[in-house]
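Below is a short note for a colleague who has not seen this structure before.

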Amino acid sequence: MSVILGIETSCDETGVAVVADGSVVLANEVASQIDIHRAFGGVVPEIASREHTRIISQLVEKALDDAGLGDTPAARLDAVAATRGPGLMGSLLVGVSFAKALAYSWNRPFVPVHHIEGHLFSAFLGEPRPDFPFLALVVSGGHTQIIQCPRPHEYEILGTTRDDAVGESFDKVARLLGLSYPGGPSIQQAAEEGNPEAFQLPRAMTTVKGGLDFSYSGLKTAVLYAMQEGDVSVADMAASFQAAAVDVLLIKTKKAIKQTGAERLVLAGGVAANQQLRERLTGELDIEVFLPPFAYCIDNGAMIAAAAHSRLHHGLTGNLRTTAKPGLSL
Ligand SMILES: Nc1ncnc2c1ncn2[C@@H]1O[C@H](COP(=O)(O)OP(=O)(O)OP(=O)(O)O)[C@@H](O)[C@H]1O
Ligand SMILES: [Mg+2]
């Protein structure tokens, strides 16, 4: 059995978790900074890294206590992992530096993890767990990607967004509609009372020639133009926007499945919390669909520990010279 401490600080969540065997969460602490950044309508990098610095040591202590490793963590832990990138430099630095210092003082390997690889491994924290190979749909605040995953730690990006990420478009449209940040949950809630067919919004790049890339900025602009035409119902617009955003994800995923012959789909990233997306993927696809548990959709340390478990098993560890890398590629 391997027990790993996973630390995630790439953006505005400080996540610390202890995970056994890459799948059993012994402790999971997430301190969200959403309330701090809400006033600014988005994440302020300097404030984010200061907040990670303020809170990280107490979160690590709490996670180790919750996992029952309190006084003797070094005796039970096999590795310390942290998100290396992509993300905000100041924020990443806090997690990587803290994790390396712990790994050094406990004489355990340090395992650097790519943030999106972490999201992918959140599916391994649920039941049943996926087997490789699989196709992944990664939908978050910064990414919208269809990724072919033939073997652990081998990835081929088949499609990606050319402009806004889908989570980013939820956030921007929420702001247009006067809904609170982050936009995903507030649009989902407002949409419950709305008519998804009230507004005819575009489904960009979904024609036969569209390939597997995405474009979400036109959808946001279409919402803006529709609002300038006169009074619109927030609920109807939220429902119409959500339907269009999710439609595109379904169309592209079906296309990718046809193209690759994939037999399994793994959903990952913050937008994986979207109820309509989860229901439509499980209802409309005739292949196995693996959804991350709700608690592990948004950024957290457990997904980083889960990915690190596999990296450790494959000998993919780092060392004290491994640095944070804001533009790290998968
Ligand atoms: N229920 C939901 N429906 C739609 N979107 C959601 C929902 N819950 C959260 N989101 C969106 O998920 C995003 C946050 O996800 P996540 O924390 O993975 O992003 P990130 O870490 O900022 O970006 P990345 O993972 O690409 O670096 C936000 O854009 C948020 O609006
Ligand atoms: Mg994320």
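1. An open, mixed sheet is built from 5 strands in the order E3-E2-E1-E4-E5. Strands (E, at least two residues) and helices (H or I, at least four) are DSSP runs numbered from the N terminus, and two strands pair if DSSP finds at least two bridges between them. E3 (24–32) and E5 (110–114) are the edge strands with a single partner each, so one side of each has no neighbour in the sheet.

2. The model is predicted: local features need pLDDT of at least 70, side-chain atom pairs count only at pLDDT 80 or more, and totals for chains, interfaces and linings use all residues. Residues are numbered from 1 along each chain as its sequence is written, while chains are lettered from A and ligands numbered from 1 in the order in which they are written.

3. E2 (residues 13–20) and E3 run antiparallel and are joined by 8 bridges. Gly-15 is placed opposite Val-30 in E3.

4. Helix H2 (residues 45–66) lies across E2 and E3, at about 20° to E2. Angles run from 0 to 180 degrees between N-to-C directions, with axes fitted to C-alpha atoms, for helices over the stretch in contact. Helix H4 (residues 89–106) also packs on the sheet, where H4 touches E1 (3–8), E4 (79–85) and E5. Contact means C-beta atoms, placed from the backbone, within 7 Å.

5. The axes of H7 (residues 183–191) and H9 (residues 234–260) come within 7 Å and cross at roughly 115°. H7 is therefore roughly perpendicular to H9 (65 to 115 degrees). Among the residues that meet are Ile-187 in H7 and Phe-241 in H9.

Note on methods. Two residues are in contact if their C-beta atoms, placed from the backbone, lie within 7 Å. Angles under 35 degrees count as roughly parallel, over 145 as roughly antiparallel, 65 to 115 as roughly perpendicular and the rest as oblique.
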